[in-house]
There are 4 protein chains.
Amino acid sequence: MIIVCKPNATKAEIEQVIERIESLGLKPHVSEGVERTIIGAIGDEAPLRVQPLELMTGVDKVLPIMKPYKLVSRDFKKENTVIGVGGAEIGGKRLAVMAGPCAVENQASLLRIAREVKEAGAAFLRGGAFKPRTSPYSFQGLGKEGLEFMREAKKETGLQLVTELMDPRELDLVVEYTDVIQIGARNMQNFKLLQEVGSVGKPVLLKRGMAANIKDLLLSAEYVVSGGNSEVIFCERGIRTFETYTRNTLDLAAVPIIKKESHLPVIVDPSHGVGLWDLVPPMAMAAVAAGADGLMIEVHTSPEEAFSDGAQSLKPGRFASMMKDLEKIAAVLGRSI
Amino acid sequence: MIIVCKPNATKAEIEQVIERIESLGLKPHVSEGVERTIIGAIGDEAPLRVQPLELMTGVDKVLPIMKPYKLVSRDFKKENTVIGVGGAEIGGKRLAVMAGPCAVENQASLLRIAREVKEAGAAFLRGGAFKPRTSPYSFQGLGKEGLEFMREAKKETGLQLVTELMDPRELDLVVEYTDVIQIGARNMQNFKLLQEVGSVGKPVLLKRGMAANIKDLLLSAEYVVSGGNSEVIFCERGIRTFETYTRNTLDLAAVPIIKKESHLPVIVDPSHGVGLWDLVPPMAMAAVAAGADGLMIEVHTSPEEAFSDGAQSLKPGRFASMMKDLEKIAAVLGRSI
Amino acid sequence: MIIVCKPNATKAEIEQVIERIESLGLKPHVSEGVERTIIGAIGDEAPLRVQPLELMTGVDKVLPIMKPYKLVSRDFKKENTVIGVGGAEIGGKRLAVMAGPCAVENQASLLRIAREVKEAGAAFLRGGAFKPRTSPYSFQGLGKEGLEFMREAKKETGLQLVTELMDPRELDLVVEYTDVIQIGARNMQNFKLLQEVGSVGKPVLLKRGMAANIKDLLLSAEYVVSGGNSEVIFCERGIRTFETYTRNTLDLAAVPIIKKESHLPVIVDPSHGVGLWDLVPPMAMAAVAAGADGLMIEVHTSPEEAFSDGAQSLKPGRFASMMKDLEKIAAVLGRSI
Amino acid sequence: MIIVCKPNATKAEIEQVIERIESLGLKPHVSEGVERTIIGAIGDEAPLRVQPLELMTGVDKVLPIMKPYKLVSRDFKKENTVIGVGGAEIGGKRLAVMAGPCAVENQASLLRIAREVKEAGAAFLRGGAFKPRTSPYSFQGLGKEGLEFMREAKKETGLQLVTELMDPRELDLVVEYTDVIQIGARNMQNFKLLQEVGSVGKPVLLKRGMAANIKDLLLSAEYVVSGGNSEVIFCERGIRTFETYTRNTLDLAAVPIIKKESHLPVIVDPSHGVGLWDLVPPMAMAAVAAGADGLMIEVHTSPEEAFSDGAQSLKPGRFASMMKDLEKIAAVLGRSI
């Protein structure tokens with residue numbers, strides 16, 4: 001950390017800063033300029049983040065130089081982390097495609113969709129049994145019954161399951177059924193929930209919050225990994241901006257940035273990212289071209305009758321043709337689907 | 001809800017839309033223009049929000065005309081809701097000032113701060129025992145011990161307590177100690193938590209999320225009120241924008257908007273809104289002038305040693321002088337402090 | 001346009017609305033519901049946009065149903081517009097790649113870069129002679145001398161020229177030298193400048209403003225086209241959001257949206273979109289996969305000595321290898337480079 | 001400027017950085033830590049901003065420590081700048097209130113409004129003769145005729161005039177008529193226009209752009225002041241965010257920030273800031289309480305017939321009653337109106 005003193009800081013004020021740095025177990029490195037003194041604090045920056053040196057008289061600015069996350073960072077582990085899930089994997093050569101309805105609605109419908117997405121090449125079935133809904137009057141999900149339907153669909157198709165956990169009290173239940181635990185965008189900074197999923201042995205799909213920058217997202221993953229669970233998959237799903245044409249603004253630059261900053265895999269959810277089904281295929285193509293390790297796509301056999309997110313769901317036929325195009329893009333990147 | 005058909009929609013397509021509207025228990029009202037047909041759907045819009053008519057062939061646009069929230073709305077209840085808390089109240093003539101440290105750090109420090117803010121005119125003591133922190137390596141709060149310290153401070157000063165609940169499993173514990181339950185910005189759309197606090201008999205202070213528009217905030221309150229707890233206080237604390245000088249962008253227009261849309265009280269937290277202590281007093285003045293029912297202010301006796309948010313905390317002396325200025329602004333608005 | 005009356009609107013108030021609609025040359029279509037009256041106004045909506053019916057007593061909401069832009073819209077012209085520039089074209093099968101330095105710095109450097117980008121497959125040379133700089137103390141461009149250097153580079157390489165116009169008084173000068181006139185992001189709503197370039201016979205490259213939504217961008221193009229110049233090329237170059245890792249947030253969904261809404265071509269500038277050279281290639285790949293008609297890329301032989309935007313400039317070698325990868329992506333989309 | 005070297009930077013790489021710093025006329029100050037070397041560059045930072053040291057091998061980060069603006073900064077001039085305009089002043093004890101229609105529509109209407117706002121206590125008449133409109137089909141202003149009407153209104157009422165300049169070619173015309181030249185939000189980074197108004201002897205009202213942070217705004221003012229015209233008035237008028245209830249998000253924290261960073265006056269335009277007339281009075285109150293030096297308010301005698309911005313215009317009666325309330329808030333701050 002670098003502490004820039006004010007041009008008019010007194011010797012005594014500078015001395016106090018130095019003492020504080022030393023009292024926190026760091027080594028000060030003083031550089032006296034013509035106009036002002038600059039002090040480097042060598043060592044672990046964490047205590048300095050807590051203790052706001054900015055408030056000391058004589059201090060003008062404090063500039064951190066180290067990253068606040070460790071275990072998830074590329075500095076900590078150079079090679080890509082590949083997460084195995086049943087026969088499938090995330091972060092390897094083959095792209096992980098997770099497809100299915102927004103919410104699990106009933107057994108027949110889920111099975112129909114599962115067969116279609118399996119047929120088209122997906123390895124994971126997504127579906128919500130517990131649904132975070134903006135309005136208390138909207139459909140809130142089938143709960144445990146929905147999880148049962150998902151298990152049936154897995155039995156028949158062999159697809160790995162991805163479903164959302166919203167409540168720490170439902171952790172055991174969700175873990176019993178799912179293969180990948182999804183933490184939704186609205187819970188990306190529900191730190192209690194992050195701590196809980198840090199204690200289990202199932203991969204965690206962590207969606208980026210609507211107001212979260214990439215550093216925040218990496219820090220939320222650090223909660224999980226520092227809790228003992230090193231299998232985190234990032235998911236870019238759009239941030240909230242002034243543009244209203246789309247539901248969110250899909251920030252695809254997050255893909256190469258996360259690959260640069262972290263060893264963990266990153267996938268993209270274009271369905272929530274744009275919110276309009278006809279924009280999903282071009283954005284899925286773009287995501288793969290940008291280097292994503294997979295995709296999460298909403299698919300429904302009758303979107304016009306879906307309980308939620310119908311406007312952004314692809315019909316199976318459109319999904320299947322998109323998968324064929326994605327295969328070609330993947331090949332250009334040296335990957336498969 | 002109004003359904004605008006495409007210029008080239010066929011009779012059969014329009015007929016299907018009409019049937020769907022009727023099947024959902026609504027009354028269609030057809031208006032055939034020269035160029036296109038427009039259909040009004042009279043009745044409860046909720047089922048139409050779930051069923052995306054936009055996806056039907058022949059439909060161009062669907063325009064909602066009713067508000068998605070009910071119980072919290074000014075239409076539902078014309079008069080202001082005033083919430084009594086011990087001897088104090090929120091939403092009445094006297095402004096509710098909640099002051100104290102970001103986090104409860106130790107008994108002595110909390111007591112010292114509590115005495116100071118009481119002396120300066122605050123009626124509520126704020127303080128976090130459970131802290132939502134971006135990094136897992138930051139101080140996470142004292143937990144139950146912190147609640148004990150708060151109770152002691154209340155005993156001595158008579159201040160009402162406000163503290164944050166982060167986990168549904170800690171509901172009973174927090175309810176036992178606090179007078180007002182705070183739901184933090186990061187949990188504004190933690191719907192399970194909202195449902196829980198909807199079932200208790202303590203007022204809920206609901207902070208606006210960093211990416212939440214005002215409609216979202218009202219819907220989150222609707223979760224609490226529809227659960228049976230009608231005592232919700234809104235708190236504007238800034239949204240996330242491209243401006244980096246301040247920690248957030250304090251959206252003071254939210255104050256008159258919430259007063260217009262809802263009967264529930266609204267307060268402002270300028271400390272988180274700006275993140276820099278010297279900007280807190282002018283923004284507190286502005287908040288009261290805009291019609292806020294109260295303020296939440298971070299106060300610390302030694303901000304430079306605070307465990308969190310030191311940069312935005314006022315020292316007691318500055319807080320006291322600000323309270324004197326606020327009194328004069330309040331008087332202009334016909335209120336007291 | 002649809003006018004939703006208040007539930008308690010009187011007959012007289014509704015009558016006034018109807019009269020106003022008729023007085024503006026539109027045909028009212030009244031639909032009386034149980035709870036409220038809804039009035040459709042059939043005809044040209046433009047006068048109704050000027051006259052705010054929202055303010056009439058008895059009116060609750062006014063909902064526009066027509067798009068505010070015409071000539072640039074896909075409704076107006078179904079087929080893609082392909083713009084010929086010298087031997088090259090924009091919007092056709094072959095992607096238009098515009099590459100070069102941010103600012104023209106001197107003749108030797110420009111020539112060196114021009115040869116390199118030509119060699120790698122670009123058909124256009126970009127370079128700024130007039131530079132919009134945030135600070136008055138930054139390099140402001142070489143002006144006419146820079147244009148001369150560009151002409152020389154064109155003579156030698158055959159590349160078509162793209163350069164920015166900032167001032168209506170420099171229109172003739174810039175038109176004399178350049179093949180495509182660039183309107184920068186900061187001038188996207190400089191309506192006087194838009195009117196000027198609407199009167200000349202040179203294609204206009206219109207960059208999206210940092211706070212402009214896609215509708216605003218289309219309306220700015222409408223200024224140019226309604227002025228008589230139908231050759232406009234859109235350029236997505238990132239919008240301003242809370243994310244600070246990148247210079248801007250590249251909104252690639254703009255590509256398929258603009259293709260859907262307009263017949264005009266759209267290219268992407270990943271260099272400004274991300275601001276960091278190592279993120280440029282993955283975002284260029286994504287842009288092409290999303291359906292962009294071309295790219296604008298900053299290339300410099302010694303970025304560390306560039307007068308501006310060095311951090312986001314590719315070296316020629318990296319640019320050339322990226323072009324090879326782009327060729328393969330283009331082929332998947334049925335295009336060439 | 002501080003240059004943080006990479007942990008693994010070689011001696012030779014560090015030597016190169018030092019040489020570069022020296023070659024730019026700065027004095028390097030090297031601080032060798034255990035893990036990495038940090039170099040301070042003492043002297044004028046401007047050349048280092050141009051030359052991106054980040055790109056040199058061995059450099060990890062470059063941290064600027066000086067502000068990029070000078071002449072407008074509080075460091076440059078400690079006392080508040082008070083700008084005299086006819087008998088009125090901006091930045092002094094009395095708040096500067098600028099009121100009037102969005103656009104000048106005709107002589108009679110303008111005169112009527114001018115008399116009303118004068119009567120209510122405004123010292124300035126605002127009105128647009130040249131109007132920046134998002135759509136080319138909207139009313140673009142009366143041009144010179146509008147300026148004539150304003151001059152007539154000044155003759156009768158004694159109000160000082162404020163009107164917008166959009167085109168450098170109209171500079172002489174606008175300067176001849178107006179007392180304060182307004183630069184609109186969309187032209188805040190129209191640097192050619194800023195240079196032009198830097199050369200005249202009339203005060204410039206500089207509105208904040210919709211995507212401009214406060215640093216950008218200060219730099220735009222630096223263009224004007226460095227051109228020789230030191231009379232700049234800042235105007236906060238809202239920035240673009242995801243909130244759609246209001247037209248923009250009024251960032252009132254900009255008021256105390258600008259007062260802290262600059263010696264120049266700052267006013268607030270709540271009409272554009274919120275876009276809804278009933279929210280204008282509370283936000284005007286808040287602006288004054290936050291320390292603004294004045295207000296710009298849209299007033300129209302028949303908003304429902306206004307050519308533009310009717311929805312955000314106050315009627316004269318409402319404006320007059322607001323002025324009475326503002327007087328009391330101003331008194332609390334030790335000011336008058």
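How many bridges join strand E1 of chain C to strand E3 of chain C? In this predicted model, 3 bridges join E1 (residues 2-5) to E3 (residues 37-42), and the two strands run antiparallel. One of the residue pairs is C:Ile2 with its bridge partner C:Gly40 in E3(C).

**Sheet of chain C**

- The open sheet comprises 4 strands of chain C in the order E2-E3-E1-E4, with antiparallel pairing.
- Strand E2 (27-32) and strand E4 (59-63) of chain C are at the edges; each has a single partner strand, so one side of each is left without a neighbour in the sheet.
- From one strand to the next, the twist averages 20°.
- In general, strands of a sheet pair through backbone hydrogen bonds, in either a parallel or an antiparallel manner.

**Helix H7 of chain A: length and end**

- Helix H7 (residues 214-226) of chain A has 13 residues, which should span 18 Å at 1.5 Å a residue; the end C-alpha atoms are 18 Å apart, so the two values agree.
- A:Gly228 follows H7(A) and has a positive phi, near 120°.

**Helix H7 of chain A: burial**

- H7(A) is mostly covered, with 11 of its 13 residues buried.
- The buried residues of H7(A) include A:Ile214, A:Asp216, A:Glu222, A:Tyr223 and A:Val225.
- Among the elements of chain A that cover the buried residues of H7(A) are helix H6 (191-197), strand E11 (204-207), strand E12 (232-236) and helix H8 (254-261).

Definitions and conventions. Residues are numbered from 1 along each chain as its sequence is written. Chains are lettered from A and ligands numbered from 1 in the order in which they are written. This is a predicted model: local features need pLDDT of at least 70, side-chain atom pairs count only at pLDDT 80 or more; totals for chains, interfaces and linings use all residues. The expected span of a helix is 1.5 Å times one less than its number of residues. A residue is buried if 20 or more other C-beta atoms lie within 10 Å of its own, exposed if 12 or fewer, and partly exposed in between; C-beta atoms are placed from the backbone. Two residues are in contact if their C-beta atoms, placed from the backbone, lie within 7 Å. Two strands pair if DSSP finds at least two bridges between them. Axes are lines fitted to C-alpha atoms, for helices over the stretch in contact, and angles run from 0 to 180 degrees between N-to-C directions.
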